[in-house]
Amino acid sequence: MGSASIGYQIGISARFYGNFNLSSDVTVSSLPCKVDVSIKSLFSAPSSTHKECSNRARVCCSLPNTDEYCDEKFETPILDTIETPLQLKNLSVKELKLLADEIRTELHSVLWKKTQKSMNPSFAAIELTLALHYVFRAPVDNILWDAVEQTYAHKVLTRRWSAIPSRQKNGTSGVTSQLESEYDSFGTGHGCNSISAGLGLAVARDIKGKRDRVVAVIDNVTITAGQAYEAMSNAGYLDSNMIVILNDSRHSLHPNMEEGSKASISALSSIMSKIQSSKIFRKFRELAKAMTKRIGKGMYEWAAKVDEYARGMVGPTGSTLFEELGLYYIGPVDGHNIEDLVCVLREVSSLDSMGPVLVHVITEENRDAETGKNIVVKDRRTYSDCFVEALVMEAEKDRDIVVVHAGMEMDPSLLTFQERFPDRFFNVGMAEQHAVTFSAGLSSGGLKPFCIIPSAFLQRAYDQVVHDVDRQRKAVRFVITSAGLVGSDGPVQCGAFDIAFMSSLPNMIAMAPADEDELVNMVATAAYVTDRPVCFRFPRGSIVNRNYLVPTGLPIEIGRGRVLVEGQDVALLGYGAMVQNCLHAHSLLSKLGLNVTVADARFCKPLDIKLVRDLCQNHKFLITVEEGCVGGFGSHVAQFIALDGQLDGNIKWRPIVLPDGYIEEASPREQLALAGLTGHHIAATALSLLGRTREALLLMS
C-alpha cells in the first residue's frame with residue numbers, strides 16, 4: 001500500500017459525511033485524569049453526546065470595538081474574564097466546556113456574519129486550542145500553528161480578536177506573527193511549516209540546555225504537502241522532544257472515500273490513547289527495549305517489529321506510517337472531548353525523554369448546523385468566473401485539455417469545469433510541487449494541462465517549474481490566480497513575485513490580460529501553444545464589464561502588445577490589470593488638458609520590442625506600471641531600451657512597481673494606495689515628469 005492511500009485511510013484526505021461515534025465511559029472527575037482500564041470499561045461503554053452551542057442572552061460582545069461587525073450581541077461571561085491564556089488553568093472542566101461554547105458563539109457572531117465565509121475549520125479547533133493552552137504554558141512553551149484557519153480561537157484567548165474582523169489597515173494580522181504577540185512562537189505561512197520550525201526550536205532548546213516544550217499543530221489539509229513528511233522524517237532521526245498534533249477534521253479533496261477507511265473514535269480508542277500516552281506504559285516500553293538490547297540485536301529487532309505490529313493493530317489503518325518516520329503515534333483522540341485532550345496532552349508533556357510524538361486528534365467541522373453553511377455572496381462576476389467559462393469552451397473543442405489545481409482551497413468557479421469534465425479535473429491540494437511535475441508528465445503523455453495555482457503558492461514549486469517544465473520545454477499552461485494584492489489576506493497570499501520569477505525563465509511565455517476580453521483570448525492562446533510552457537496571471541477581483549458574456553477566444557500573436565489610446569509627451573505602458581489604472585490616469589490627466597498614450601504590453605516575455613521602441617521614439621517619458629515586485633516587467637523593458645540605445649536619446653523612463661516590502665492586511669483600495677499603484681499615483685507621476693509638481697500634489701490631496 002502506498003503512502004498516499006495510507007494517508008487517506010487515517011483521515012488525512014477523507015471528507016467527513018455523517019456523524020462521529022463519540023462514545024466513551026472514561027470518567028474524569030478532575031485534571032489530571034487517571035485512566036481506569038477494565039474489561040467492563042472496554043466492552044460496555046455507554047454513549048455520550050456533546051452539547052451544542054447554547055442560546056445565550058443577547059446582551060454584549062465579549063471584546064471591545066466589535067459593535068460594527070456583529071448585529072447580535074451575546075453574553076460571554078467566562079471569556080470576558082480571560083486576560084491571558086494562563087488564566088485557563090484556574091477553570092474547571094465544566095467551565096472550559098462553557099468557554100468553548102462562548103468562543104464558538106463569538107466567532108460566529110463577529111466574523112462569520114460579517115464575511116459570510118465558512119468558519120468550520122476554526123470551530124473544529126476550539127477545544128483543541130483550549131486544551132493546549134490549559135496544559136502548556138505559553139509563551140514559555142512554544143505552540144506553533146500550521147494553518148491560519150486554526151488560529152482564531154488562539155487569537156481570542158490572547159486578546160487580539162477585536163481587531164481581526166475588519167482586517168483593515170493597521171489592524172491585527174490574520175496570521176500568527178512574532179512581531180505581533182509573544183504568544184506566537186512562529187508565523188503561519190501557507191501551511192506545512194509548523195513541524196519544520198518546531199523541530200528547529202526543539203533542537204535550539206536542546207543545544208542551549210533549556211526545558212521548554214514545543215508543540216506543532218498541523219491539519220489534514222496542510223499535511224498533504226511534502227515538507228511535512230520531510231520534517232517528520234528528520235524529527236524521527238534527530239529524536240528531539242517535540243509534540244506534533246494532527247488536527248484531522250476529515251475534510252478532503254476526494255468526497256467519495258469510503259466511510260470504513262476512516263479513523264473512528266470509540267471507548268476503546270479513547271482508552272488506548274490514554275494508555276499509550278501514560279508514563280507507566282512508556283516506561284514499561286522503554287524498559288522492554290533496554291532488556292532486549294542486552295539480550296542481543298536479533299531479539300531487539302524482533303521485539304521492535306512485534307511492538308510495531310501490535311501498535312498497528314490498536315491504531316487506525318496507516319498509523320504505522322508515522323511510526324516508520326520515527327514519531328511515536330498516539331490516537332485517535334476525540335478533539336471535542338476536553339477531558340480526553342487534557343489527559344493525553346498532560347501525560348505526553350510530562351515525559352522528559354520521549355522523542356517526537358504525534359497525537360492524532362479527530363475533530364468535526366460541521367458541529368453547528370447554522371455556522372456550517374458556506375454562503376458565497378457575489379454581486380459581481382470575477383476574473384476566475386470568466387476564465388473557467390472560457391476554459392470550458394476550449395475543453396469542449398479539445399479533448400486533450402485537462403486541469404490540475406493546487407493550493408489551500410479551490411475557487412468555487414472551478415466546480416463548473418469539474419462537473420462538466422470530472423475525468424479531466426485533478427485537485428491535488430497543497431501539493432504544488434507534485435502539481436507542476438504531474439502536469440509536465442501529462443504534457444509528455446500528449447495532453448494539454450492547465451496547471452492552476454495561486455501566485456503565492458506557485459512559489460513553493462519553483463524548482464519544479466525550472467527543471468521539470470521550462471528546462472525540458474514541456475507545454476504546461478500555468479494559470480496564476482490571485483496575482484498581485486489580495487486585500488484582507490495580506491502578504492501571506494499576495495502574488496507579488498510571479499512576474500519576476502516566471503519571466504526570468506528562458507523558454508517561458510509570460511503574459512497578463514488587461515481585462516476579461518484579453519483573459520478569454522489568452523486562454524485560447526495558451527491552448528494553442530504546444531512547443532513550450534506558457535503562463536498568464538489575473539487578479540482576484542471583479543471584471544471590468546459587469547454584464548460580460550464570454551465570447552469564443554481568439555489566439556493572440558505571441559509577443560504582440562497594443563496601443564489603446566494615442567497621445568503625446570508621456571506614454572503609460574501597463575502590464576496586466578494595471579492597464580485599467582493607466583486608463584484611469586489618462587482620464588484624470590485629460591481633465592487637466594493632457595493627452596497621454598496608454599499601451600497594453602500583454603506580454604512580459606517575449607516583449608513587444610517594436611511597441612516599446614515606438615513608444616520611446618515618439619514620447620519624452622515612458623512610465624511602466626505593474627502589480628509586481630522589482631525585477632519583473634519594468635526590468636525587462638529597461639533591459640531592452642538600455643541595450644537598444646533608447647536611453648542614450650531623449651526618452652526618460654520611470655517604473656511603478658510594488659514597494660520593496662510586504663503590504664499588510666487592508667482593503668484592496670487601501671493596499672493599492674499604499675503601493676502607489678492607483679490611477680491618481682500614475683497621473684501624479686506623469687505630472688511630476690512634466691514639471692507640474694503643484695498639480696501633482698493637488699491631485700494626490
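What share of the contacts in the protein chain with a separation of 6 or more is accounted for by residues 24 or more positions apart? The share comes to 78%, where contact means heavy atoms within 4.5 Å. The structure is a predicted model, in which local features need pLDDT of at least 70 and side-chain atom pairs count only at pLDDT 80 or more, whereas totals for chains, interfaces and linings use all residues. Residues are numbered from 1 along each chain as its sequence is written, and side-chain values use heavy atoms, with hydrogens and water left out.

The secondary structure of the protein chain comprises 26 helices and 17 strands; helices (H or I, at least four residues) and strands (E, at least two) are DSSP runs, numbered from the N terminus. Of the 701 residues in the chain, 56% count as buried, a term that stands for under 20% relative accessible area, with exposed meaning over 50% and partly exposed the range in between (1.4 Å probe, protein chains only).

Five strands form an open sheet in the order β1-β2-β3-β5-β4, with parallel pairing, two strands being counted as paired if DSSP finds at least two bridges between them. Because β1 (142-145) and β4 (328-334) each have a single partner strand and stand at the edges, one side of each is left without a neighbour in the sheet. From one strand to the next, the twist averages 20°. Within this sheet, β4 pairs with strand β5 (residues 356-362) in the parallel sense over five bridges, and valine 333 stands opposite valine 361 in β5. Helix α5 (residues 126-135) packs on the sheet, where α5 touches β1, β2 (214-219) and β3 (242-248), and its direction makes about 160° with that of β1. Helix α7 (residues 194-208) also packs on the sheet and touches β1, β2 and β3, with a direction at about 170° to that of β2. For these angles and those given below, axes are lines fitted to C-alpha atoms, for helices over the stretch in contact, and angles run from 0 to 180 degrees between N-to-C directions.

A further parallel pair is formed by strand β16 (residues 621-625) and strand β17 (residues 652-656), which are joined over five bridges; here leucine 622 stands opposite tryptophan 653 in β17. Together with helix α23 (residues 633-643), β16 and β17 make a right-handed β-α-β unit, the hand being right if, with the strands pointing away from the viewer, the path from the first strand over the helix to the second runs clockwise.

Helix α23 also packs with helix α22 (residues 609-618), at an angle of about 70° and with the axes 11 Å apart. The two helices are therefore roughly perpendicular, a class that covers 65 to 115 degrees, whereas angles under 35 degrees count as roughly parallel, over 145 as roughly antiparallel and the rest as oblique. The contact is made by Ile609, Val612, Arg613 and Cys616 of α22 and by Val637, Phe640 and Ile641 of α23. Elsewhere, the axes of helix α14 (residues 383-397) and helix α20 (residues 516-528) come within 9 Å and cross at roughly 40°. Residues in this contact include Tyr383, Phe387 and Leu391 of α14 and Leu519, Val520 and Val523 of α20.

Threonine 481 has its place in strand β9 (residues 477-481) and is buried, because its relative accessible area is 14%. Leaving aside neighbours within four places in sequence, threonine 481 is in contact with Ile452, Ile453, Pro454, Ser455 and Phe538. Threonine 481 and arginine 540 are 59 residues apart in sequence, yet the C-alpha to C-alpha separation in space is 6.8 Å.

Most residues other than glycine have a negative phi, and most peptide bonds are trans. The peptide bond from alanine 138 to proline 139 is cis, with omega near 5°, and proline 139 is found in the loop between α5 and β1. Lysine 605 and proline 606 are likewise joined by a cis peptide bond, with omega about -5°; proline 606 lies in the loop between β15 (603-605) and α22. Aspartate 569, in the loop between β12 (562-565) and β13 (570-574), has a positive phi near 65° and counts as partly exposed at 29% relative accessibility. Arginine 602, in the loop between β14 (597-600) and β15, has a positive phi of about 65° and counts as buried at 13% relative accessibility.
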